Amino acid sequence: MRLTVNRKTVTVKAHPLTRLLDVLREECGLTGTKEGCGEGECGACTVLVDGEAVNSCLVPVAQVQGTRITTIEGLGGRHPLQSAFVEHGGAQCGICTPGMIMAAASLGPRPSLDDIRTGLAGNLCRCTGYAAIYRSVQRAGKR
Amino acid sequence: MQGTIAGRQLLQPRSLGDAVKMLRDEGPIVPLAGCTDLYVALNFGTLRPTRFLNLWNLDALRGIETRGTALRIGALTTFTEIITSAAIRRRLPMLAAAAREVGGVQIQNRGTIGGNVANASPAGDTLPVLLAADAVVVLRSAAGTRRVPMTAFYTGYRQSVARPDELIVGFEIPALRGRQWFRKVGTRAAQAIAKIVVAGVWDTARADARPRLAMGSVAPTPLRLSQTERALGSGASLAEAQEILQREIAPIDDLRSTAEYRRQVAANLLGQFCSVRR
Amino acid sequence: MPRRRAVGRNVLRKEGHEKVTGLARYIDDIRFEDVLYVRTIRSSVAAGEIAEVRYNFDRTGFTIVDHRDIPGRNIVALIDEDQPSLAATRVRHVAEPIVLLAHSDRTRLAAAEVAVTYRETTPNFDPERSDVSFKLIAINKGRLDRGMAEADLVVEGEYRAGHQEQLYIEPNGVVAVPENGGVTLYGSLQCPYYVHRALTVLLGLPAEKVRVVQTETGGGFGGKEEYPSMIAGHAALMAMKSGRPAKLIYDRVEDMLATTKRHPAIVRHRTGVKKDGRLTAMEIDVVFDGGAYATLSAVVLSRGMIHASGPYRCDHIRARGRATMTNTPPNGAFRGFGAPQTQFAIEAHMDVIADRLGIDPLRLRERNALRPGDTTATGQKVGKDCSALQVLREAGRRTAFSRKRKAFKGSNRGIGLSLFFHGSGFTGGGEVKLASKASLALTERGVQIRVASTEIGQGTRTMHAQIVADTLGIPYDQVDVSIADTAIVPDSGPTVASRTCMIVGRLLQRCAEDMRTRLGRMTPAAYFKKHGGLVVTKQYEKPPGLEWDDETYRGDAYGSYGWACDVVEVEVDPITYQATPVAFTTVHEIGRAIHPMLAAGQIEGGSSQGLGYALLEEVVMRGGKMANAQLTNYIIPTTLDTPPMTIKILERPYTHGPFGAKGVGEMPIDGPAPAVVNALRHAGIVVSEIPATPEKIMKAKL
């Protein structure tokens, strides 16, 4: 199976029913995407598939053949969201952060506070109470 | 992750024709759409089936279009597509409302209406909508196409009339008149399972109008509340209709809530429906 | 150009870049060669004797560990010695570990069938009916009978709080590597030296043969204070027996089923008050459900009892508490550590008193709040940094509390408040016993902090570096922080009890002061070039004047207290009985905010957990087992469940804290639950049990 991950084509040997999460973490060595629950509740495993946020713990790799997948590693390290999450306290323990940033990345430019709250409702954070996450996303939008 | 995929098989049909032939000849196989329900069971190690059919690439199961007066929604339509569809927002806003509450964005992007119906949970968020809308379930097999009214689709807890060799390919919604209403009472404000979920339509512009009302999480299947409807349509008071409602529903205590709560809130929701219809 | 100070500024988080890029390595991200995966076979009954363990699978390639394989002592060393690492002959709770399996193939590991049969005995799930108390505590101040005699009115109340699950988004996980005749343990944990000690005891190894390395940790909140000693022990046993690295990572379900939670509590109050609202006597009875083994129940009860009378002046107090045993998975540390339970009770009770007397809840608290020079329940004189009145008045003013109390009357909206405090550091003589150490090492480019304090999201590395940088007078960027590796860092004590800044930060400050003196006018780099390396180590010294008597439970329980007031507005839906917090304001006095953004982050995060405790987070126990052990069914707040929060930090320096800082990590979670319950009361709904679910609210209304 061939997928495009962070703009690189990869050939994947895993069983077609393997979770995309496991293919990314184990076969591709991209451990930035995390498993928090295995039931699609926490969003820590969020990646983008053709620009749409999905829980990679619920996606069989067979279904993303031929798609463009973006993980946290694919943002380049200097994406406005990444800087903003550091500067404005959006990341505390960091385990939800990759998924949170990927979900935020799919929100589009200059989301309103309501858009942010709704768009991130599928990403659980236990550390921040979300306030600093909103500030981070809003400030990132202003760059 | 507890469950394993070793020993499991994924069949990959290249067309709808392929798919129904596989269902007929190579069963039993479980069709996979967005996987937002099935993979939870797989991860928990509670998924018993070992053979699956990947529907995700079958574009024949996608699409929202009007056919005559009916709105036709493909089974693989995701909740996100439902939310953003101008046609659905215009004709079936209660379905868009339901789709918005199904879960977070990630679930909405992969979950499908066909999956929601096939999963057959009594708490399924779109199910009361389809019931209240008098939707028709379109089933396809190698033998042909069959149409079943949504109100006749479920026969018991997670049981339907769909045969193992049949695939839900879409839904046909007749033209609806009147105000549409949807409300989900979840365990929290977002990304929640419904403790009780209700959809209703009432065309009060017509004097002889009878409302259409359906509720989930109050019985082994989602329910079309025909007796309550009849009472309301024939001018019963709210109190009388609430009494009939209590006889129509059969909620239980479970991990998320109690029968007592569901009964009380169902009665309250009926009151809200009656006040909202104007 | 003058160098900018770090303390008081929002400097960049030390490991921030790693966390936002996916570079940060949590335990499951690290690849170990030749690893064996471990699976824990657990009891399915709540109480009984193990009759037989049968392995119904082909054992080729498997390593199996049971209690007989334990080289040292079969205990999880903590305080008491009652908890086995692996059950030998009997089990006392569902999910108690019995046997460990390991294999390199995860599929074969998951498929292995182990059948355990039991001779079941009758379990007890009622903490009040229990025969076994892990700890009893009595606090006596003045003469209760005298205080009751002075009262115009006696008000009684009973308050209940259920379990709460810490729900760190990264589950528990460790990898044990056998090496050098001993073991190195890598894992997600808060207290490397707790694990170190537990492993030496379990494995019968000398200290130098055990090494513990904390990996980047995705949340702890107390849930990784003592529990990692258990999971680490299991991985280590497997590593020692197999001779291979053993990886043991829990999935979410297992983590929720088997690991510690907040102690459920039943708190009864009987309070004498004068007509004008003055508290004359407080009689308090506390029962904490400890679960099947003692773990930290004694200390949780201790903190709970000391905070049970709230931040109030009262001359006559009699408080009795017990932590009892039930046949449920042992409860343990969770942010707040006993204080959220007892302060929920006293603060809900204060509003009951306010109602009975017809006094505004804010006025009632004003009348009774501790002032500098007053004594607490244990007879501690609170110092000039006692800010109970200030936080109360500030919160009341900012929220227009009294006006809204009148305006909302009769509507579906209520406004409620809570006044609370939280002692920083270990109770009484605890810090002396810990005798914590911190080290500062000179490096080529600056200095390196060496402490056992762990970064678990709260900003330990950042905050410690700020303190050192400013004390030494060097740029923040020249201060590095060592990994928390017991081979490198001294024992600074556990990362708990809101002590990481106030106690360990102060130790580092003393290290830096000493180093500054030795460096003279030289920069670290210049000194290093000329003289080579230098390591300064300091050990905890009790501040003068602190006295505590463990026998009588009297004296100075804590070096300092933080003070806070929460005000929450709640809207109740008359159709669904759902209570939504729509506005949240808190004023927190914490001595000094070393990093204002991180401090606010602790307050926002802890308050959010407190709101979950108040309204959403219910552990459903059936037959001694958590029935809703999945994230779908254990409900924590999402973005849409969390109200906008207004945080105001006040600073009143504590003499012995670094730059005046007290603790802030736990206090935020003490206040929201009673504030919510008081807001509900204002809206006409009386609940005395949390979480105040819609089902409970409905019952209260109808």
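User: In which sense do strand 11 of chain B and strand 12 of chain B pair, and over how many bridges?

Analyst: This is a predicted model. In it, strand 11 of chain B pairs with strand 12 (residues 194-202) of chain B in the antiparallel sense, over eight bridges.

User: Which residue stands opposite B:Val185?

Analyst: B:Ile196, in strand 12 of chain B, stands opposite B:Val185.

User: What is the strand order of the open sheet in chain B?

Analyst: The order is 11-12-13-14, four strands with antiparallel pairing. Strand 11 (179-186) and strand 14 (223-224) of chain B are at the edges. Each of these has a single partner strand, so one side of each lacks a neighbour in the sheet.

User: Now helix 9 of chain B. Which of its residues are buried?

Analyst: In helix 9 of chain B, which covers residues 226-233, the buried ones are B:Thr228, B:Glu229, B:Ala231 and B:Leu232.

User: Why do they line one face of the helix?

Analyst: Looking down the axis of helix 9 of chain B, the buried residues fall within an arc of 165°, so they line one face. As background, an α-helix has 3.6 residues a turn, so residues three or four places apart point the same way.

User: What do those buried residues pack against?

Analyst: The buried residues of helix 9 of chain B pack against strand 13 (212-216) and helix 10 (238-248) of chain B.

User: And which residue just after helix 9 of chain B takes a positive phi?

Analyst: That is B:Gly235, with a phi of about 85°.

User: Stepping back, how many helices and strands are there in chain B?

Analyst: Chain B has eleven helices and 14 strands. Of its 278 residues, 53% are buried.

User: How does the radius of gyration of chain B sit with that of a compact globule?

Analyst: Chain B has 19 Å, and a compact globule of 278 residues would have a value near 19 Å, so the two agree. The C-alpha atoms of chain B fill a box of roughly 60 × 45 × 30 Å along the principal axes.

User: What domains does the assignment give for chain B?

Analyst: The domain assignment gives domain 1 (9-54), domain 2 (59-173) and domain 3 (179-276) of chain B.

User: How far apart are the C-alpha centres of domain 1 and domain 2 of chain B?

Analyst: The two centres lie 18 Å apart. As for contacts, 14 residues of domain 1 of chain B touch 17 residues of domain 2 of chain B. Helix 1 (residues 16-25) of chain B gives the largest share of the domain 1 side, six residues. By class, that domain 1 side has eight nonpolar, three polar and three charged residues.

User: Other chains now. How many residues does the contact take from chain A and from chain C?

Analyst: It takes 37 residues from chain A and 40 residues from chain C. On the chain A side, helix 2 (80-87), helix 3 (97-105) and helix 5 (131-141) each supply at least two residues. Helix 2 of chain A gives the most, with four residues. The chain A side divides into 19 nonpolar, twelve polar and six charged residues.

User: And how many residues go into the contact of chain A with chain B?

Analyst: That contact takes 25 residues from chain A and 22 residues from chain B. Strand 4 (residues 52-55) of chain A gives the most to the chain A side, with four residues. The classes on that side are eleven nonpolar, eleven polar and three charged.

How values were computed
Residues numbered from 1 in each chain as written. Chains lettered and ligands numbered in written order. Predicted model: local features only at pLDDT ≥ 70, side-chain atom pairs only at ≥ 80, totals over all residues. Contact = placed C-beta atoms within 7 Å. Nonpolar A, V, L, I, M, F, W, Y, C, P; charged D, E, K, R; others polar. Buried ≥ 20, exposed ≤ 12 C-beta atoms within 10 Å, placed from the backbone. Arc of directions from axis to C-beta. Pairing = 2+ DSSP bridges. Rg over C-alpha atoms; globule rule 2.2 N^0.38 Å. Domains from an automatic or database assignment.
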